[in-house]
Amino acid sequence: MANSVEIKHLDLNFGAVNVLKDLNLEIAEGEFLVLLGSSGCGKSTLLNCIAGLLEVSDGQIFIKGNNVTWAEPSDRGIGMVFQSYALYPQMTVRGNLSFGLKNAKFPKAEIEKRIAEAADILQIQPLLDRKPAALSGGQRQRVAIGRALVRDVDVFLFDEPLSNLDAKLRADLRVELKRLHNQLENTMIYVTHDQVEAMTLADRIAIMKGGKIMQLGSPDEIYNRPENIYVADFIGSPSMNFFDGEVVGNHFKGGDLDLPLDGYTFGPGGAVDGKAVIGIRPEHIITGELVAGAPVKLEVPVELVEPMGSDTLVYGTLNGQALRIRMDGQARVSLGDSLPIGIDPSRASLFDKASELRL
Amino acid sequence: MTDATVNALSGPKGPKPKKVFSSTNIIIYGTLFVVCMYYLLPLYVMIVTSLKGMPEIRLGNIFSPPVEVTYEPWVKAWAEACTGINCDGLSRGFWNSVWILIPSVFLSIAIASVNGYALANWKFKGSEVFFTILIFGAFIPYQVMIYPIVILLRESGDGITAFIRIFNSDADNFRLMGSLWGLVIVHTIFGMPILTLLFRNYFTSVPEELFKAARVDGAGFWGIYFRIMLPMSLPIFVVAMILQVTGIWNDFLFGVIYTKPDTYPMTVQLNNIVNSVQGIKEYNVNMAATLLTGLVPLVIYFASGKLFVRGIAAGAVKG
Amino acid sequence: MAVTDTGRMDVGAKRPSRLFKNMTAKIAAIPMIATALVVFIGCTAWTIYHSFTRSRLLPAPDKWTGLQNYDRLWSENRWLVSIENLAIFGSCSLVLSLVIGFILAALLDRKIRFENTIRTIILYPFALSFVVTGLVWQWLLNPDLGLQNVVRSWGWETFTFDPLNNADIVIYGILIAGIWQGSGFVMVLMLAGMRGIDEDVWKASRVEGIPTWKTYIFIVIPMMRPVFVTALVIISAGIIKVYDLVVAQTSGGPGIASEVPAKYVIDKMFGSQNLGLGFAASTMMLLSVLVVLIPWAYLEFGGKKER
């Protein structure tokens, strides 16, 4: 399939600050790509560059094969949905939806037809003659999506569209967005700092930091095979446990840990002896009856227990460091217990100590 | 019983609430009453004086209410009072001021709002420099710029005349200097710093995403200004209007310099009527004329309430 | 929904020239740019330049005389009186309007009833023209029929308050009118500043048992420093411009006792047709504004970077 959006060697400087550095990205037709990162990582900046709302310093942007690096936002075939909805307060919903079409000098009948279609898809027909102030947050966001929808664009850009909504509504709209994407099959680029949104919505996730893409991959790859310590640490809640040590002859050794790496799938570099960091997700630490079958067995003292209903978070100590363990909500653990745990090295992630890259 | 209910039964433990007539309150309200009297006194004296006949004024007390109410001073001030050889009262100054006011308010707000909008949303290289010059310009005494502006107005008037004569060789001289239009331009120029600041601050506070959304929707500079920004900033336009109407109406200096006796605004005519050296002083007519001149800004002030406060504080507190 | 409506081509491949970028905004800003450059910079420079020339009835840009106009200016009695009046009027009205404005604001800030009404009354003179203010106070201070007469009619036969006809104190007569008009504005500024102070400051001082007046002097005033500075700059700029008030109230009299620089400049330029002297005097006015403005601008924008 052809690429819908291509970004080549993109640079953006604000004065002396490089916000984006030699950024390359190819997004396939119909793909749902999520730009994920903490604030200040450049994800919104990148989205604004694609939209044409920020001028790039160097590099090129192609949409549907057209070079749009210097084109006006409205000439790029993009629609954008903002965090604050950005609905025009003095216009009705109908006015909001038709504003872009009127600017593009569409005939009246066509405008009416498109508004009707979009309202149908988003189920906002009863709201068409209301002002934005009379709408709920969820309804406003739907209208904001509708504004992009009526313009029949190639690419939808979402700038943290759900951040202003409360948790329950956010979950509902997330599902709806996914359904909308399945129905429309448009390319969508979605900026968020919420990893749950990223994991649930994305075909691929690009994790950004300091104006660079740290890893680009499917949610599964990002979660199970993080390419570097930053990504490994960023994804997952509670975050991954890291332990320093050394790879010596197909074993990871560090303090009380001695893990055989027979089951571990090394990257193209293969196993190289040297200083390393191992990362183990709290939910990948084996507890309960399954410990018996684990490749490596240990016992850790319990320091703190946080029951959260569906699961229980247990803080133990290993190698003088806190060890986070996620257990079943029914698990009975109390302070001071000595908890038997098991570790499966094949589910862990191993990083080079110096380069912080996956081994 | 829990602690809370015990406390609830034994009543509040703090000191009793202050009485309305505590000594502090008497001092506060007393002071404010005296202050209000001081501020109201001149208005009161203006009103009672303007309703008295001259004999009563000569004999009586400036504060005493009129024994015999007469509206003659008002009629005289409006229609008969003399400045030099003209004896058609303040009415001419009033209408001059109106004809100066309407285009000045419109033009100055139109230009300043576009400035503020460009400065807030369409920054270009150097735009901040011009803005800084503008703000500093607000502090330059008018006296420094007043004479070169006379020359500028005269020269551009001649320029425009020459231009018109290309098409119509019999055309009259077009004058900016001494005409209402010259004064309109001057008011537009000197109203620009504070109004531009007002609009810039306002448009900066409009969420940027709204502006971005409109650009994605294909609206340009003017499209966003007229279709998005203007309709949602009516309050700030009202504030600017109040600021300009009172400011321009109250102007004296520019009126003296840039107009001629038959186009003098009301304030200048008022001063000439009251401070004319010929004839006997008619204090009642003078006060009626003064009140008439102050009436327009006073009506605007009392009608607009908090918006006036917002207008004068806008430049000062947020700037 | 796959086909796009705009028949797009590679229009965006070329970087637009710097000059034409944002062109509409630049065109729309022409009045602002022209005002800034031609009027505020150009006219000011023009006047400063001509203050060094022998301009009389007409500007004479080629007759350079150096500081001669300034020498004459500073040896002229009328100018010295103007400067002295400005100094007295300026310092008194600065102090008085700040003090009165602050006290009134503090009184209004005490959660009193009728706050809006009282504020409206105190501020209304500010909506009036200086000419109106000057004429009203001219009438109130009329020695034969005004305040003095009223007090005498109450039985205090020797009461004398006739500033407008006494050259020694005429400037204080103008001061009364000026304060009457301007103090409401200062009060509004101060009140806005006080309302901006965190309510918790008051709670804390009450918890610690600090009396109200001490809280105002030692806590509120230091916290309101920016408001005081702003008020100071605005009042100072206004004081230097004082013209209409004097013209209406005293016409500069008796004699030249209530002349002010702003009036001096206008009279020299348009009355006695001595442009050079007028330009020199207006340049001096500009200089005195800069004395206030530059330290303020330095404090305000110098230390931190502008937004």
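In the predicted model, the charged end of Arg110(C) lies over the ring of Trp202(C), at 4.9 Å from the ring centre; a charge sits over a ring if NZ of Lys or CZ of Arg is within 6 Å of the ring centre and within 35 degrees of the ring normal.

Residues are numbered from 1 along each chain as its sequence is written, and chains are lettered from A in the order in which they are written. Local features need pLDDT of at least 70, side-chain atom pairs count only at pLDDT 80 or more, totals for chains use all residues, and side-chain values use heavy atoms, without hydrogens and water.

Over all chains, 51 aromatic pairs are present (rings of Phe, Tyr and Trp, the last by its six-membered ring, with centres within 6.5 Å; planes under 30 degrees apart are stacked, over 60 edge-to-face, the rest tilted). Phe190(B) and Phe254(B) are stacked, because their ring centres are 5.0 Å apart and their planes meet at 15°. Phe190(B) belongs to helix H8 (residues 180-205) of chain B and Phe254(B) to helix H12 (residues 253-258) of chain B, so the pair ties together parts 64 residues apart in sequence (helices are DSSP runs of H or I, at least four residues, numbered from the N terminus). Phe190(B) is buried at 11% relative accessible area, and Phe254(B) is buried at 4% (buried means under 20% relative accessible area, 1.4 Å probe, protein chains only).

Tyr202(B) and Phe203(B) form an edge-to-face pair, 5.9 Å centre to centre with 75° between the planes.

Note on methods. Helices (H or I, at least four residues) and strands (E, at least two) are DSSP runs, numbered from the N terminus. Buried means under 20% relative accessible area, exposed over 50%, partly exposed in between (1.4 Å probe, protein chains only).
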